[in-house]
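User: Could you walk me through this structure, please?
Analyst: Happy to; here it is.

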Amino acid sequence: SKTYLCSWQGETLCFTVDFALGFTCFDSKTKNVLWRFKFSQLKGSSDDGKTRVKLLFQNPDTKQIETKVKLAHTTSGEKGQLVKRRGKETSSS
């Protein structure tokens, strides 16, 4: 697994990619899990080839596709900015 430190609304979060568990976002201080998705729920991804990654997951309850993270890496590749959005996403930005 690989965990990345991120910031969102002034809070430090962790984003983990684990081949067995999938994707997890949690608070770095309290370790409370904010959300978790299996790899099978990943319905799309895109990147700008440099610093930004966007992941689209299927909500298991509503079956809608949701943009859960937009991750912008710094040059170190270990820190970035995490932006969490809810709602149906029809085009990439």
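User: Why does K31 count as exposed?
Analyst: Exposed means over 50% relative accessible area, buried under 20%, and partly exposed in between, with a 1.4 Å probe and protein chains only as cover. K31 lies in the loop between β3 (22–27) and β4 (33–37). K31 counts as exposed because its relative accessibility is 51%.

User: Good. What should I know about the model itself?
Analyst: This is a predicted model, where local features need pLDDT of at least 70, side-chain atom pairs count only at pLDDT 80 or more, and totals for chains, interfaces and linings use all residues. Residues are numbered from 1 along each chain as its sequence is written, and side-chain values use heavy atoms, leaving out hydrogens and water.

User: How many strands does the protein have?
Analyst: Strands are DSSP runs of E with at least two residues, and helices are runs of H or I with at least four, numbered from the N terminus. The protein has zero helices, and its strand count is eight.

User: What is the phi of K63, in degrees?
Analyst: Most residues other than glycine have a negative phi. K63, in the loop between β6 (52–58) and β7 (65–73), is not a glycine, yet its phi is positive, at about 65 degrees.
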